[in-house]
Amino acid sequence: MDIFGIILPVGAFGAMAGFFGSWLRAVAMRKRLFQGEAVLLAQLRGDWVSLRPQWYKALLVALGPDAYYSPAPPEEKDNFRRLLSIMEEAGSIRSYSNPGKKELTDHVRALSHEYEQATRNVGMFLASLSNLVLGGRITPAQAYSVVGPDIALRSRQIRAMLGKGEPLWEHAGVAGSRAPWSIWAASLPGVTERILVLTDIIWAESSRLGDADDYYFLRASSVKNTYGSGRECRKRVIIHSLRSKSLPSAIRLSRHLLWSEVLPYRYKLNASSGGMSNARFRGNFKDVIIVNISWLGVFFSSLFSKQK
């Protein structure tokens, strides 16, 4: 009796000590993980800030030198205008045997290289960030903390930068994917796709946070639900997550994109005045059920469909 009276307290104390030791190890491991994430995000943010001058050059090729909202400094805009003038002059010479044509063409290639390199460097950074998200190493919220405010409203410009859409300006001798600064993207379709996936993820996070005017989110939700582009975006993110060998990311990210299709209910206050009748809201039970069924259909069809 006395022996059991000694053994039981000692055993209970040992179990408690073991549990407390395991808890301390788990806390220490979690702390190390947080520190590692903080270091990685700080490094990524620093890399992105250092790319700002090249990001401004990349935006120039999409917006043109006269766009009011172009962040490029005036001297950079002037340099780009000079390049365009030379491109226009070279384009006006029809005969390829004309020595002036060759000289101007070589000059254009030399001058446009810095803009091609700028779009390439920015694109490669965004593709690398997309890889981290697709592989589950960082969350959409963490990716947003790196580049979100800069690119959330720049999806059209990014598409133009990659040759996936027409530039948002007109100039003789310059047209879409034939422009010298977007040729690199045509040879790297996988990189281009991952960049577009990242823009979808960032937009959904921006919608979740409400970091832009309600009109943009309402219009995007209306378009995605009307034309089915939201479904295509979710299918694309699932396919690329699976290519990164991360099934949890495929589930999590495809669900995350619903933030841009089924909006937080606070946006409903401005829906009627904006005429966005096809926008859906999380406070509407019917819409949530419909979109969740749609999500399951997209997810399983992506699992068993042939990946292109």
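**Exercise 1. Locate Phe299, decide whether Phe299 is buried or exposed, and find its contacts distant in sequence.**

Solution. 
Step 1. Phe299 lies in helix 13, which covers residues 285–304. The structure used here is a predicted model.
Step 2. The relative accessibility of Phe299 is 6%. Buried means under 20%, so Phe299 counts as buried.
Step 3. Neighbours within four places in sequence are set aside; Phe299 then has contacts with Ile238, Leu247, Ala250, Ile251 and Ser254.
Step 4. A further pair involves Arg234: 65 residues separate Phe299 and Arg234 in sequence, while their C-alpha atoms are 7.9 Å apart in space.

**Exercise 2. Describe the surroundings of Ala250, one of the residues in contact with Phe299.**

Solution. 
Step 1. Ala250 belongs to helix 11.
Step 2. Its relative accessible area is 0%. Ala250 is therefore buried, the limit being under 20%.
Step 3. Apart from neighbours within four places in sequence, Ala250 touches Ile238, Ser241, Leu242 and Phe299.
Step 4. For Ala250 and Ile238, the C-alpha atoms are 4.6 Å apart, and the two residues are 12 residues apart in sequence.

**Exercise 3. Check the length of helix 10, list its buried residues, and describe the residue Lys245 that follows helix 10.**

Solution. 
Step 1. Helix 10 has 15 residues. The expected span is 1.5 Å times one less than the number of residues, which gives 21 Å for helix 10.
Step 2. The buried residues in helix 10 include Gly230, Cys233, Arg234, Arg236, Val237, Ile238, Ile239, His240 and Ser241.
Step 3. Lys245 comes after helix 10, in the loop that leads from helix 10 (229–243) to helix 11 (247–256).
Step 4. Phi of Lys245 is near 60 degrees, which is positive although the residue is not glycine.
Step 5. Lys245 has a relative accessible area of 80%. Exposed means over 50%, and Lys245 is therefore exposed.

**Exercise 4. Determine how helix 8 and helix 10 pack, and which residues meet.**

Solution. 
Step 1. Two packed helices are described by the angle and the distance between their axes.
Step 2. For helix 8 and helix 10 the angle is about 120 degrees, and the axes are 10 Å apart. This angle makes helix 8 oblique to helix 10.
Step 3. The crossing of these two helices, helix 8 and helix 10, is left-handed.
Step 4. On the side of helix 8, the contact involves Gly190, Glu193, Arg194, Leu196, Val197, Asp200 and Ile201; on the side of helix 10, Cys233, Arg236, Val237 and His240.
Step 5. Sorted by class, the residues of this contact between helix 8 and helix 10 are 5 nonpolar, 2 polar and 4 charged.

**Exercise 5. Classify the packing of helix 5 with helix 8.**

Solution. 
Step 1. Helix 5 (residues 140–151) packs with helix 8 at about 90 degrees, with axes 9 Å apart.
Step 2. Angles from 65 to 115 degrees count as roughly perpendicular; helix 5 and helix 8 are therefore roughly perpendicular to each other.
Step 3. Helix 5 supplies Pro140, Ala141, Ala143, Tyr144, Val147, Gly148 and Ile151, which meet Leu198, Ile201, Ile202, Glu205, Ser206, Arg208 and Leu209 of helix 8.
Step 4. The contact of helix 5 with helix 8 comprises 10 nonpolar, 2 polar and 2 charged residues.

How values were computed
Residues are numbered from 1 along each chain as its sequence is written. This is a predicted model: local features need pLDDT of at least 70, side-chain atom pairs count only at pLDDT 80 or more; totals for chains, interfaces and linings use all residues. Side-chain values use heavy atoms; hydrogens and water are left out. Helices (H or I, at least four residues) and strands (E, at least two) are DSSP runs, numbered from the N terminus. Buried means under 20% relative accessible area, exposed over 50%, partly exposed in between (1.4 Å probe, protein chains only). Axes are lines fitted to C-alpha atoms, for helices over the stretch in contact, and angles run from 0 to 180 degrees between N-to-C directions. Angles under 35 degrees count as roughly parallel, over 145 as roughly antiparallel, 65 to 115 as roughly perpendicular and the rest as oblique. A crossing is left-handed if the near helix is turned anticlockwise from the far one by less than a right angle, and right-handed if clockwise. Contact means heavy atoms within 4.5 Å. Ala, Val, Leu, Ile, Met, Phe, Trp, Tyr, Cys and Pro count as nonpolar, Asp, Glu, Lys and Arg as charged, and the others, Gly among them, as polar.
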